[in-house]
Amino acid sequence: MPDFQAFGESQQDAPDKLFTVPALKLPKSLKHKGLLLANIGQLLTLRLGSVRPGPRRGPDLKQLSIIQDGAVLCVAGKIVSVGKTRDALRDPWLKKNRKKVTEIDCTGKVVLPGLVDSHTHPAFVNPRLVDFEKRIEGASYEEIAAAGGGIRSSCESVQNASKATLAEKVLSALHDMAAYGTTTVEAKSGYGLTLESELSSLEAINAAASRWPGTVVPTLLGAHVVPKEFQGCSQKYVEIVCKEMIPPAARRKLAQFVDVFCDKGAFTPDETEQIFEAARQYELSVRAHMGQLSETTLAPFLRFDPASFDHMDHVNQNDLAQLAKGDTVATLVPGANYFLGLKDYPDARRLIDAGVPVALATDYNPGTSPTLSMPMAMSLACTHMKMSPAETVAATTINGAWALRMAARKGSIEPGKDADLAVFGITDYREIPYWFGANHCELTVLNGVIQRHR
Ligand SMILES: [Zn+2]
């Protein structure tokens, strides 16, 4: 293995940390057997250490706290101890309980926190191949819609699909995501656009989540686009979102967040504030698609304490200082820029250098970003947004967790956090964005459950 000092950005990272297991009693059931990952070449802990608390920003975004020749012990779905393999093997508790612990020899590979995909739209039925082909031919948005493509084609098929079919589609996506190292997924509705179909989409997401060992955070995106029948009277649809969709979604605990697509051609800032107000009334947190097509002044929304503003291709200079002071994360989704063949990408350096916390996500959806791969998002962020490999790791783990308000449980490898890990068959973490288009994830641990992918 290369010397610890050789990993450029990790030089100030974690010194050796002693591996100690507190007095533990392993429950008898097989489900709660201990799990030890040992001989990890690079263990990217992202522990808090010397960085400032809160979402990682500025220079803290590249502090990965790497332990060489590391080991992690998990029990009952939680991380119990983290340190060097040699200290783990000397630990008296582990010596005594070795037989009750499943041991995985990582043979010098890289282990990082399970990736957190904090922006996905998995509740759809069909790929949008008409859009894809027509766009390549240079067709406009209107021409694509006329040819039977566009977002409304997704809505039609979702409205006609059974809940079981939709749940199967979501579950299949979750399994595929885990194969790329993702263990926590935010999943939006938004292709229903009627009360019945939006609630049914959320039910499908929840049903899929109950059959997947990872963690799913459901989001109501009733305000995705203004449905055709409400063109010119969008206020009527906003009222349906506020008065008919949000109350049952909250009461039945079908969603944790309410999202709005606030942009030119979608919902206005005023309408977004109305929807945020309704969400607050029902104690749901908020997030929004912002600045994908045009600039929107963000400051007025900060009173709702949004967990995240997503896309952020266009950001007003005056908003940067405000965002740098708060915990609202800017979630960048370069897969959409790539798939639409855009020349410009979100200006990640401007945001990071201003102190705005930045996360990366796939924006998995059938129209503009049909990718499940967080490593692909990392690679695009390196090559098109000038983020360093280390920054992309923090942006897809701990800051993704912050973007979902789950940083107390997710996003780093520290005792007490959920046992969410990804093992990549490489010897240097920088290979994750480097080998673009390839998947080197070999194994994921989702809330303590092992899934092997090769
Ligand atoms: Zn989106």
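What volume does the second largest pocket have? The second largest pocket has a volume of about 300 Å³, where a pocket is, on a 1 Å grid over the protein atoms alone, an open set of points where a 1.4 Å probe fits, with protein on both sides within 12 Å along at least five of seven lines, and a volume is the space filled by probe spheres set on the points, which are joined across faces, edges and corners.

The model is predicted, and local features need pLDDT of at least 70, side-chain atom pairs count only at pLDDT 80 or more, and totals for chains, interfaces and linings use all residues. Residues are numbered from 1 along each chain as its sequence is written, and side-chain values use heavy atoms, with hydrogens and water left out.

The table sets out the two pockets, with lining residues defined as those having an atom within 4 Å of a point.

| Pocket | Volume | Lining | Nearest its centre |
|---|---|---|---|
| Largest | about 920 Å³ | 31 residues | Tyr141, Phe261, Gln292, Leu293 and Thr368 |

Helix 3, helix 4 (141–146), helix 5 (151–160) and helix 11 (334–339) each supply at least two residues to the lining of the largest pocket, helices being DSSP runs of H or I with at least four residues and strands runs of E with at least two, numbered from the N terminus. In the second largest pocket, the largest share of the lining, six residues, comes from helix 5.

Turning to the metal site, the zinc ion is coordinated by His119 (NE2), His121 (NE2), His289 (NE2) and Asp363 (OD) at 2.0 to 2.7 Å, donors being N, O and S atoms within 2.8 Å of the metal (3.2 Å for Na, K and Ca), and since water is not among the atoms, sites may look incomplete. His121 is buried at 3% relative accessibility, and Asp363 is buried at 2%, where buried means under 20% relative accessible area, exposed over 50% and partly exposed in between (1.4 Å probe, protein chains only).

Elsewhere, Ser197 lies in helix 7 (residues 195–210) and is buried, with a relative accessible area of 7%. Leaving aside residues up to four places away in sequence, Ser197 touches Val158, Gln159 and Gly192, a contact being heavy atoms within 4.5 Å.
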